[in-house]
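Student: I would like to learn how to read helices and cavities in a model. Can we work through one case?

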Amino acid sequence: MFNRTIFLPLLICLRLLAVPTPQEGALRTALTGWGDQGTITLDHELRGESPFGVHIRWQDNPKTGGAFWHLGMPVRLAEGEDRIRLRIYLVERSEKAGLALYFTESDGDRWIVFNTVGDLAPGMWQTIDVPFTQLKLWPLGDKVRELDTVGSLNIEPAGKEQVLDFVLADARICGPGGERDLFDPRYLPKAYSVPADAGRSEPLALDATSHAVVAFSSGYLTEEPRAHTLETLAGRYPDLGVSASGFGSLDTMRELVTRCRALGAPLMSEGAVNAGFSPEISLAQAWAVRWDGQSNNLTPGGFNQMHTGDTCHPFLLDVNKRRVDALLAAGITKLTLVDYVWPYWGGRWGYSEAAKLAFRAALDGTDGGILLRLDGQEVRYSFWDYFTLYADAPWSPEQVGIASWSEYVPVSEKEAWGDDPAARRNMFLFITLYHYRWLKFLDDLGGYLTERSGELWIIPNPEDLANGSDYVVLGKMARVRGFLPEYFGNPLWTEAAHRSGAYLASSYHTAGNLLGPIFETNAGGHGTPYYDPEVAYVATYDICAALHADTIKNDFLDESTIETMTDPAETGQHGRYVDTAMKLLAFQRYRQEQPTRVASPVAVLTQRNVNRYRSSLFFSTRGTPRTNDTCLATRLAEEGALFDFLDPMPFAPVEDHDVIFWGAEEAPEREVQRIARWLAAKPDRTLICQGNQPTRRVQGLLYNPWDLPQDAVVLPTGGNAWGLPLIGRESLAAIRLDTASPWFASEFRVGEEIALPPSGYYSAPGGEVLLGTKDHPLVSRFAGPGGSTVIYLHYRAGNEETAGLDRRLVRCLMAALHVPRTAGTGDTIVHSYQMPGGTVAALWHRPTLAAWKFVYDGNRKQRLAYQTEGAELTAEFPAVGPLRATDLLTGEQIDIPAGQPAKVRFAGRTCALVYLQNPATPPPSPLRDGKLLP
């Protein structure tokens with residue numbers, strides 16, 4: 001006898017080989033959820049005559065926490081509709097497996113259609129027919145039947161160690177006007193749709209400057225018993241700003257606008273570019289395409305739908321314009337787009353036909369360009385204008401192996417890492433193109449908002465070569481108002497931000513735009529906080545001061561009522577509330593005190609990861625791990641040097657500095673000549689450079705340190721403009737010192753043998769030997785243009801294998817060049833800021849941070865503790881007493897007598913926020929006196 005159940009898995013696999021139609025893709029992408037996930041297929045055989053239906057197989061994974069899988073799809077019930085009828089085919093079930101099918105209202109109330117499979121016989125279709133009058137309440141909201149607020153139909157298989165395999169089809173909603181199949185994509189509600197005659201409410205155009213923005217779902221903010229959280233929180237924190245995820249109904253959003261206006265709270269709406277539009281994107285075939293042709297167009301649900309929309313496709317702009325229209329109809333003028341551009345997993349994306357057309361239009365200059373605000377003037381930048389921010393001149397089609405730009409097709413990485421220079425240049429061009437195209441999408445959508453007196457904000461995550469963001473140029477855009485970079489995980493990112501934050505801030509503030517960090521309580525904004533409250537406070541204050549922040553944002557505070565959150569007995573939700581409260585309080589103090597980092601005459605120049613594989617200089621001083629991406633920024637930071645972290649592009653304020661450590665693996669000739677002019681302008685300027693870097697130019701060939709050779713001398717005369725001679729390369733394993741000038745005598749001794757890295761030795765004859773031998777200097781001094789000085793390191797510094805040598809050299813160079821310090825001593829990171837009446841400094845215990853391994857997983861138990869046994873924070877500030885040092889977190893004070901150096905020591909903690917003031921100045925109130933806390 002034929003056993004259909006046994007044969008079914010093979011049948012499903014065979015059906016998956018078929019490419020789904022756009023309609024099937026829309027249905028599949030409409031089903032989203034969370035929990036212990038199973039599989040969904042579009043099984044033609046089992047759904048029989050039904051035009052639409054889904055086959056769901058779920059099996060509890062005992063290794064995960066929850067024995068259920070929640071699936072939902074958007075549904076709105078029309079007036080007069082009074083029953084639901086559907087068919088179910090049970091393939092297989094364990095004895096204790098359960099299945100709930102229910103509607104959910106916007107306030108959380110659930111109305112159960114079906115909640116058992118015990119009476120169903122396997123292997124046959126059965127019909128479920130339920131009048132709405134017989135729906136059963138699952139009370140999670142106000143317990144009032146409000147079917148006009150239903151937003152989703154939910155499917156939830158459950159049961160510990162159970163299996164459930166079934167097919168749903170013909171899910172019909174019935175009423176006097178007829179029937180509609182909820183699985184038919186034509187009847188899926190369109191997100192952000194409002195009536196054509198809705199008009200536009202009075203806009204809520206409050207400026208977000210000086211406000212701390214907290215994120216909530218829009219349903220949380222508009223439905224009791226949780227909605228009044230907004231008024232309660234605003235009463236405790238008057239500078240509250242609100243970010244509402246999702247839209248709800250036009251009426252409820254208008255009510256929210258009215259409430260925020262009464263509170264004086266700026267309101268923005270947030271969501272991913274694709275949020276709510278997935279079924280429509282499938283129908284329009286507007287998903288991004290990967291290098292191998294894979295896409296949600298072909299494998300619905302196979303990739304992250306939140307992050308794989310193709311912003312080169314006109315449809316993505318169209319639906320987001322509809323979103324803008326809906327927001328403006330409600331009176332909301334601020335739209336914040338969240339997260340990724342192109343996915344940075346699974347290889348390169350951006351190979352759709354729409355992307356190819358967009359790239360060709362950019363290359364031939366017919367796409368209209370992007371609007372930047374430079375020196376107070378709005379300037380239209382074409383793609384080639386953008387390209388030459390990172391290279392010297394536009395390229396010709398022949399340089400990438402084609403006759404005209406109308407033939408352009410991006411190569412895959414496999415092709416680019418071959419031996420064909422044209423293919424390598426093609427990849428470099430492709431990388432630059434998809435960064436530009438993201439800016440172009442923002443410019444187009446921002447223009448639509450600007451013309452309607454609205455504002456576009458962006459939460460890019462992250463600045464990444466594979467992803468597509470460009471933090472610096474984004475700051476110059478005339479039609480993007482606000483920028484909220486995400487800072488989460490290990491606070492070691494404060495090390496880079498303390499030094500690069502001023503550069504990032506200048507990009508926004510000189511263009512009249514706003515900047516502020518965004519934090520998450522845990523992965524995705526939910527779950528248990530991964531910082532102790534004191535750690536959250538110090539991290540917030542430190543990063544806000546580093547970025548000269550105008551605002552901050554925290555995700556999310558919408559898991560429970562305000563009464564639950566403020567009850568210390570409710571440890572989980574109370575912890576989430578305290579985490580948010582700490583960040584609000586820290587931002588409030590930062591705005592009151594206006595701390596600023598002392599300007600440094602020293603800069604380190606290295607590349608950003610816009611078109612080179614490396615870490616972002618706004619988050620890390622390091623190059624990409626396992627590469628020879630050489631830069632001394634990490635060694636300088638470890639030694640407590642205070643410097644500005646910049647890149648070699650026209651917007652970087654190079655001329656504000658007198659000492660530059662050059663750490664760019666390659667740079668445009670334009671920027672090399674700029675450094676030559678910088679040297680010639682003042683005779684007391686010093687440039688420190690190394691290895692083969694003066695010989696490297698941007699040619700679109702050497703941007704991948706994993707694959708491409710990094711140690712070759714490309715242009716031997718490349719350092720001539722700086723006063724360097726011809727540079728060559730030798731195979732030399734070690735140098736035995738016979739010269740150690742006074743600059744280096746404290747760290748090196750004559751006769752010592754110095755091992756060289758595998759990249760070898762770089763010759764540059766004719767300089768004054770500061771360290772090394774006559775024939776093989778390790779460090780030389782040359783006369784630069786206009787009487788300036790160039791210090792040349794004859795090896796590739798900044799790699800892990802050279803860390804010990806680098807530190808010794810850096811210590812000597814810091815002393816000889818009078819590089820300012822951040823006041824750190826031993827294992828303490830110190831980020832010092834000036835404020836009216838004294839100094840405030842964030843102190844971090846470096847070994848504790850280095851040992852904490854953060855994983856982006858909201859279910860993982862991980863906590864960066866404030867109290868750390870054996871940790872010791874010490875610092876010596878460039879000041880003398882009488883002074884009083886106060887730790888804000890504890891109120892502990894250290895008095896520094898007259899004439900004594902300002903030294904502090906705090907034991908047993910990961911971090912501190914220390915105020916150094918005249919003893920007559922009233923000390924700051926200890927942190928836990930904050931009025932927001934219970």
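Student: Is helix H12 mostly covered or mostly exposed, and how many of its residues are buried?

Tutor: The model is predicted. A residue counts as buried when its relative accessible area is under 20%. In H12, 27 of the 30 residues are buried, so by that cut-off the helix is mostly covered.

Student: What span does H12 reach, and what span is expected?

Tutor: The expected span takes 1.5 Å a residue. H12 runs over residues 421–450 and reaches 43 Å from its first C-alpha to its last, close to the expected 44 Å.

Student: Which residue caps the N-terminal end of H12?

Tutor: Look for a side-chain oxygen and a backbone nitrogen. Here Asp420 is the cap, with a side-chain oxygen 3.1 Å from the backbone nitrogen of Ala422.

Student: How many cavities of 30 Å³ or more are there?

Tutor: A cavity is a space where a 1.4 Å probe fits but cannot get out. The count is four at 30 Å³ or more.

Student: Which residues lie nearest the centre of the largest cavity?

Tutor: Tyr390, Gln607, Arg608, Asn611 and Pro648 do, out of 13 lining residues. The lining of this largest cavity divides into eight nonpolar, two polar and three charged residues.

Student: What residue classes make up the lining of the second largest cavity?

Tutor: Seven residues there are nonpolar, five are polar and none is charged. The residues lining the second largest cavity include Met306, His307, Tyr340 and Trp438.

Technical notes: Residues numbered from 1 in each chain as written. Predicted model: local features only at pLDDT ≥ 70, side-chain atom pairs only at ≥ 80, totals over all residues. Heavy atoms only, no water. 1 Å grid on protein atoms, 1.4 Å probe; cavity = no way out; pocket = protein on both sides within 12 Å on 5 of 7 lines; lining within 4 Å. Points joined across faces, edges and corners; volume = space filled by probe spheres on them. Nonpolar A, V, L, I, M, F, W, Y, C, P; charged D, E, K, R; others polar. Helix = DSSP H or I, 4+ residues; strand = E, 2+ residues; numbered from the N terminus. Expected span 1.5 Å × (residues − 1). Buried < 20%, exposed > 50% of the residue type's maximum accessible area, 1.4 Å probe, protein only. Polar contact = N/O pair within 3.5 Å; in protein donor to acceptor, adjacent residues only side chain to side chain.
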